[in-house]
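Visitor: I'm new to this one. Could you walk me through how to read it?

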Amino acid sequence: MISLWNSSLQEKISELHDDTWNIVLDETIVENSPARDWHQYISGSFAQFRCSLCRKTWGSKRVRVLFHFHLNTARNRGTIKVRRFKQKCRRCAEAQWEDPNFPVENIDVLVERLVKNIRVKCYRDNLGETNRSSVFIGRVNGPHETAHCEACHKGVCSQAN
């Protein structure tokens, strides 16, 4: 699934000067604990989930994504680590944390926001305030359930009580 993230990044790579950047999934990165000389960016978007036990599907417009990124200026190489926070099915007693499935358009929006953040933090580019909105699919007007949100459990979700 990371290939969609990398292809979206490659479309926007010209904005990152002449450096080479790549994205890797890393479920071990922690909010407010980037490695030395790394930067952090947190964003959110709509994604869909499917329970691996009962096969129920649901959408959430509050799916948090944590990015840690670093530019090695000596090698002209940048690395982006991404952690997509999971959710649990509310129907199953033994529910597991399920990976989010982001629509391609929302991956593009997330990467676009990330690239702007990289330009500001790594290249000191002065950018105006512009942000594209995420695309929502299906019914998403239900309450946010903190008990089933990994980002809430980790203190990353803005909806955590």
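Guide: Happy to. Let's begin with strand pairing: two strands count as paired if DSSP finds at least two bridges between them. Keep in mind that this is a predicted model. Here I42 stands opposite L66 in β3.

Visitor: How many bridges join β2 to β3, and which way do the two strands run?

Guide: Strand β2 (residues 39-50) and strand β3 (residues 57-72) are joined by 11 bridges, and they run antiparallel. The hairpin they make has 6 residues between the strands, and in it R55 takes a positive phi near 70°.

Visitor: And what joins β3 to β4?

Guide: There you'll find 8 bridges, again with an antiparallel run, linking β3 to strand β4 (residues 77-84). Across that pairing, F67 stands opposite V82 in β4, and V65 stands opposite R84 in β4. The hairpin of β3 and β4 has 4 residues between the strands, with N76 in the turn at a positive phi of about 55°.

Visitor: When I look along a strand, where do the side chains point?

Guide: In a regular strand they alternate between the two faces of the sheet.

Visitor: What is the order of the strands in the sheet?

Guide: It's an open sheet of 4 strands, ordered β1-β4-β3-β2, with mixed pairing. The edges belong to β1 and β2; each has a single partner strand, so one side of each is left without a neighbour in the sheet. From one strand to the next, the twist averages 25°.

Visitor: Which strands does α1 touch?

Guide: Helix α1 packs on the sheet and touches β1, β3 and β4, with its direction at about 160° to that of β1. Helix α2 packs on the sheet too, touching β1, β2, β3 and β4, and its direction makes about 175° with that of β2.

Visitor: Now the inside. How do I read a nonpolar core?

Guide: Think of a set of buried nonpolar residues joined through side-chain atoms within 4.5 Å. The largest one here has 30 residues, and W5, L9, W21, I80 and I118 touch the most other members. Elements giving two or more residues to this core are α1, β1, β2, β3, β4 and α2. The most comes from α2, with 8 residues.

Visitor: What does I118 touch?

Guide: Leaving out residues up to four places away in sequence, I118 touches L16, W21, F69, I80 and Y123. There is also a second, separate core of 8 residues, which includes I29, L66, C149 and A151.

Visitor: How do I read the aromatic rings?

Guide: Check the distance between ring centres, then the angle between the planes: under 30 degrees counts as stacked. The count comes to 4 aromatic pairs. Take Y41 and F67: their ring centres are 6.0 Å apart and their planes are at 20°, so the pair is stacked. That pair links distant parts of the chain, with Y41 in strand β2 and F67 in strand β3, 26 residues apart. Both Y41 and F67 are buried. Another stacked pair is F49 and W58, at 5.5 Å centre to centre with 10° between the planes.

Visitor: Why do F49 and W58 count as buried?

Guide: The cut-off is under 20% relative accessible area. F49 counts as buried because its relative accessibility is 2%, and W58 does so at 14%. As for rings that gather together, W5, Y41, F67 and F102 form one aromatic cluster.

Visitor: Which residue lies over the face of W38?

Guide: That's K81, at 4.9 Å from the ring centre.

Methods
Residues numbered from 1 in each chain as written. Predicted model: local features only at pLDDT ≥ 70, side-chain atom pairs only at ≥ 80, totals over all residues. Heavy atoms only, no water. Phe/Tyr/Trp six-rings, centres within 6.5 Å; stacked < 30°, edge-to-face > 60°. Buried < 20%, exposed > 50% of the residue type's maximum accessible area, 1.4 Å probe, protein only. Lys NZ or Arg CZ within 6 Å of the ring centre and 35° of its normal. Axes fitted to C-alpha atoms, helices over the stretch in contact; angles between N-to-C directions. Contact = heavy atoms within 4.5 Å.
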